[in-house]
Amino acid sequence: MLSRFLPRSGPAGRPRSDDRFLDFSEADLTLRPDGTFTAVLLAPSPLPTLDGHWHVHDVYLATAITALR
């Protein structure tokens, strides 16, 4: 799964039933060596492009996305 699509929390922080996950086939992902990335969503979305940062430490990958409307 690429990422949670429109993350929202239900009771006790659990995902709501209308949450959706994206697969890698639904986005054009560009990773850059400077630790930034751009994801162009190919599925219908209110946010068609997401920009963010990535970092790898040992076996963990962390990403951060800021979405401005």
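Modeller: Buried means under 20% relative accessible area. Keep that cut-off in hand as we read this predicted model.

Biologist: Is Thr-38 buried or exposed, then?

Modeller: Thr-38 has a relative accessible area of 16%, so it is buried. This residue is found in strand 4, residues 36–41.

Biologist: Which side chains make polar contacts with the side chain of Thr-38?

Modeller: Take them in turn. The side chains of Thr-38 and Arg-32 are joined by a polar contact of 3.0 Å. The side chain of Asp-51 also makes a polar contact with that of Thr-38, at 2.7 Å.

Biologist: Which residues does Thr-38 touch, leaving out those up to four places away in sequence?

Modeller: Thr-38 touches Asp-28, Leu-29 and Thr-30, together with Arg-32. Thr-49, Leu-50 and Asp-51 are also on its list.

Biologist: Now the sheet. How do I read strand pairing?

Modeller: Strands of a sheet pair through backbone hydrogen bonds, either parallel or antiparallel. Here, an open sheet of 4 strands runs in the order 3-4-5-6, and the pairing is antiparallel.

Biologist: Which are the edge strands?

Modeller: Strand 3 (27–31) and strand 6 are the edges, and each pairs on one side only. From one strand to the next, the twist averages 25°.

Biologist: How many bridges link strand 5 and strand 6?

Modeller: Strand 5 (residues 49–57) pairs with strand 6 over 6 bridges, in the antiparallel sense. You can trace individual partners. Val-56 has Leu-61 of strand 6 as its bridge partner. Gly-52 stands opposite Ile-65, also in strand 6.

Biologist: And where do the side chains of a strand point?

Modeller: In a regular strand they alternate between the two faces of the sheet.

Biologist: What sits between strand 5 and strand 6?

Modeller: A loop, and Asp-58 lies in it. The hairpin of these strands has 2 residues between them.

Biologist: What is the phi of Asp-58?

Modeller: Asp-58 has a positive phi of about 55°, although it is not a glycine.

Biologist: Is Asp-58 buried or exposed?

Modeller: Apply the other cut-off: exposed means over 50%. Asp-58 has 62% relative accessibility, so it counts as exposed.

Technical notes: Residues numbered from 1 in each chain as written. Predicted model: local features only at pLDDT ≥ 70, side-chain atom pairs only at ≥ 80, totals over all residues. Heavy atoms only, no water. Pairing = 2+ DSSP bridges. Buried < 20%, exposed > 50% of the residue type's maximum accessible area, 1.4 Å probe, protein only. Polar contact = N/O pair within 3.5 Å; in protein donor to acceptor, adjacent residues only side chain to side chain. Contact = heavy atoms within 4.5 Å. Axes fitted to C-alpha atoms, helices over the stretch in contact; angles between N-to-C directions.
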